[in-house]
Amino acid sequence: GALTAVAGGPFAAGTAPRSVAVDHNSQWTYVANSGSNSVSAYAIDGNTGSLTPVGAPLATGTTPAAVTVDPSGRFVYVANEGSNNVSGFTINPANGALASIGGPVAVGTAPRSVAVDPSGQWAYVVNQGSNTVSVFAVNRVSGTLTAVGVPVAAGTAPRSVTVDPSGRFVYVANETSNNVSAFRINNLTGALTAVSAAVAVGTNPVSVTVDPSGR
């Protein structure tokens, strides 16, 4: 399990890279650059793991804080903390290049994390400044996002969101209230309902994930 540095690395990105995501086939890597308001794309060498830039970085909103790839490997979403919106991009399956879906979609204040459920139907964004989770329906053809209802209350200063592997539950790490919120997903609408009161954790949690078995 020891690590060996990949030849040629580290690989140049934009200014102040904050988040990285890899597509489900491990062909492409995407990096959100919070200082240069852009997302960089790379092709992954399947034998060596080295990265080759794919085109020039594309513009996002202001201060992108997180990037994710949808489970189908067709779309990339970037949460822009400074401009309170989410940028969407389509992935060129031939070379991994990104193309903007259209104008960024408004969310709450200071979005810090974005996740897409395993079916690719729903996207969830945590808004650290407004203590909420925004819910969106994903157009499976175009990748565009459509808001589902109003944002749902989370704890204080939510920083991270994840969907469990079964696509039934959403978990949110709340940095300032030192707890984790749990929600059930309505499989028909994507809407969230709190499972129970938030569960206490340690001080200042900033990330949450679920193991592959979902247990």
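**Exercise 1. Find the strand that holds N80, and work out whether N80 is buried or exposed.**

*Step 1.* Strands here are DSSP runs of E with at least two residues, numbered from the N terminus. Residues themselves are numbered from 1 along each chain as its sequence is written. Keep in mind that this is a predicted model, where local features need pLDDT of at least 70, side-chain atom pairs count only at pLDDT 80 or more, and totals for chains, interfaces and linings use all residues, while side-chain values use heavy atoms, with hydrogens and water left out.

*Step 2.* Now check accessibility. Buried means under 20% relative accessible area, exposed over 50%, and partly exposed in between (1.4 Å probe, protein chains only). N80 has 0% relative accessibility, so it counts as buried.

*Step 3.* Who's around it? Contact means heavy atoms within 4.5 Å. Skipping neighbours within four places in sequence, N80 touches several residues, among them T60, P64, V86 and P111.

**Exercise 2. Find the salt bridges of E81 and say which residues they join into one network.**

*Step 1.* Use the rule: a side-chain nitrogen of Lys or Arg within 4 Å of a carboxyl oxygen of Asp or Glu. The whole structure has three such bridges.

*Step 2.* E81 pairs with R18, and their closest N and O atoms are 3.3 Å apart. E81 sits in the loop between β7 and β8 and R18 in strand β1, 63 residues apart. R18 counts as partly exposed because its relative accessibility is 37%.

*Step 3.* E81 also pairs with R112, this time at 3.6 Å between the closest N and O atoms. R112 is in strand β11, 31 residues from E81. With 15% relative accessibility, R112 counts as buried.

*Step 4.* The remaining bridge joins E175 and R159 at 2.9 Å, N to O.

Key. Helices (H or I, at least four residues) and strands (E, at least two) are DSSP runs, numbered from the N terminus.
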